[in-house]
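Let's work through a few exercises on the model shown here. Try each task yourself before you read its solution.

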Amino acid sequence: MKQIKLQKILFLIVLGIMTMIYIGPFLFSLSISFSGDKNVFEWPISFLPDDATFANYRNVWNELPFGKWLFNSVLVTTIQTISNVFFAALAGFTFARLEFPGKNIIFTILLSSLMIPGIVLLVPKFIVLNELSLINSYGGLILPGLVSVTNIFLMRQFFSTIPKDLEQAALIDGCSYFRIFWEIFLPISKPALAAVAIYTFQGSWNEFLWPVIVTYTEDMYTLPLGMASLRHELLTDWPLLMAGTILISLPTLAIFIIFQRYFVQGVSSSGLKG
Amino acid sequence: MKFSSSKKEQRFWAYLFLGFPLLLMSVFVFFPIAFAFVVSFYDWNLLIPDKPFVGLGNYFELFKDEVFVKAVKNTIVYTMGVVPVQTMLSLFLAFIMNQKIVGIAFFRTAFYIPAVTSSVVTSIIFVWIYSKPGLLNYILDTVGIDSNIDWLTNPSTVLPAIMVLNIWTTSGYFMVSFLAGLQSIPTTLYEAAKIDGANQWRLFKDITVPMVRPVTYFVVVMSLIGCFQVFDQIFIMSSGGPDNSSTTMSYYVYQNSFKYFRFGLGAASAVILALLIFTVTAIQKKYLPPDYY
């Protein structure tokens, strides 16, 4: 018994050290973001700045095009999240509930496209958008991320678990399929819709590679790209850079902490399918 | 009496519902997949109107290009370094957390935070940590190791430094996958083994590892695909430097396609990267299948 107790204490110590490694960097960045002294490299590195100030956060708004980037990020993320939730549900419903010629072929093609690494699509997607004159525009930023196969698949799996009796009565009453989808299926699938919304939000808010490629003027940048573009210019102003990065992380962090169970569930169910 | 609507009606609604998503997928996924191969056979430059067909010319050029060969090497080193360490670390952490320890919810959240944070944020924080007067050298100095390295501008440390960042970022995510797998192992298995006198290490080796094999398979595949395409961290932290010592294949694709606008060459290098990913995941499936028995 004593040995087990000792082991548990040992495990707790290991977990404590790992916690410091996993969240320590964020705490240091938080501490630097409040530093009034621009020279953050003075040793010994102290965890609590002597002259704490909110000035860096004010300067993020005043000295950088932060507001414009925030607007772009919010616009892109909002449209992509709403669109993904709606169309993933609609397409998932269609694949789970309707019979039509070509259903299996279309679904197989969709699933096999998941095997293609995203990097292969960059050049052709750019050429397509260039032909449509959408480079460096909101269209170019938003359109390629409006639907995703993963989300469609997730919603189809969810709808497949719902008993058929549910729509039979509505069909007898002469309801259209859209009304069945909208008034019967959507209201009972809130957990699945929330999962799709959360994943899409995280992915869209943090997306870096695509904005790098499709935008080239500062006013079209999203927040991550904007902050990354300042990394060389601001090497002399770490407190400002850290204040910006803290601000970018807040929305995803808040959503993660509020909706934790969706992350854990999503990961575990996909993990077990292997 | 009619229980379901006519086939014709279902067909109408199905095509109506799928119309817009399929249109978008065609333009931004299906067509680009085919088009990537086509472009890779042309000397296609955005800035030059003339686009001659060169057959496999781009592919030959790639293998003659020292930078590309270096990028392939770096990508393989990166992946082979990150994937095993990350997999073992996340399994180890999940194993510890599955021991009915207090505060699991707290630890799980803490380990997961890097995974939900933007790659730009984590990269910028680690640029500070890895800089010459940064946190890493400070800690080394405090424990008595005299270190004066600028980790990200030194050709021999830049890639390992970014690999460590990658392990730190994603291990929490995979740890949660493992934890879910561990929690589904019946505790009776462990109890029976304990009665037979098995120690903690035997329990781990002979029960835990074989039982979570499907999760391990998933983790390794996801981790491989992610590492082979590593881009954000390279772009932000080192831009492939110094002297291409941290240029990975995806960064090479980006550089040729969107800095020099050599689309043909960029598409060809992306196709090679895709083939590499297919090959490695196929090997994995053959020799390390999800189900052992």
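A crossing counts as left-handed if the near helix is turned anticlockwise from the far one by less than a right angle, and right-handed if clockwise. This is a predicted model, where local features need pLDDT of at least 70, side-chain atom pairs count only at pLDDT 80 or more, and totals for chains, interfaces and linings use all residues. Residues are numbered from 1 along each chain as its sequence is written, while chains are lettered from A and ligands numbered from 1 in the order written.

**Exercise 1.** Work out which hand the crossing of α3(A) and α10(A) has.

Solution. Start with the pair: helix α3 (residues 66–97) of chain A packs against α10(A) at an angle of about 145 degrees, with the axes 9 Å apart. Angles here run from 0 to 180 degrees between N-to-C directions, and axes are lines fitted to C-alpha atoms, for helices over the stretch in contact. Now the hand: α3(A) passes α10(A) in a right-handed crossing.

**Exercise 2.** Check whether the length of helix α10 (residues 190–206) of chain A agrees with its residue count.

Solution. The expected span is 1.5 Å times one less than the number of residues. With 17 residues, α10(A) should span 24 Å, and its end C-alpha atoms are 24 Å apart, so the two agree.

**Exercise 3.** Find how many residues of chain A are in contact with chain B.

Solution. Contact means C-beta atoms, placed from the backbone, within 7 Å. On that rule, 72 residues of chain A touch 78 of chain B. Helix α1 (residues 2–33) of chain A gives the most to chain A's side, with 13 residues.

**Exercise 4.** State the average pLDDT of chain A.

Solution. pLDDT is the predictor's confidence in each residue, from 0 to 100. Chain A averages 87, and 92% of its residues score at least 70.

Key. Two residues are in contact if their C-beta atoms, placed from the backbone, lie within 7 Å. Helices (H or I, at least four residues) and strands (E, at least two) are DSSP runs, numbered from the N terminus.
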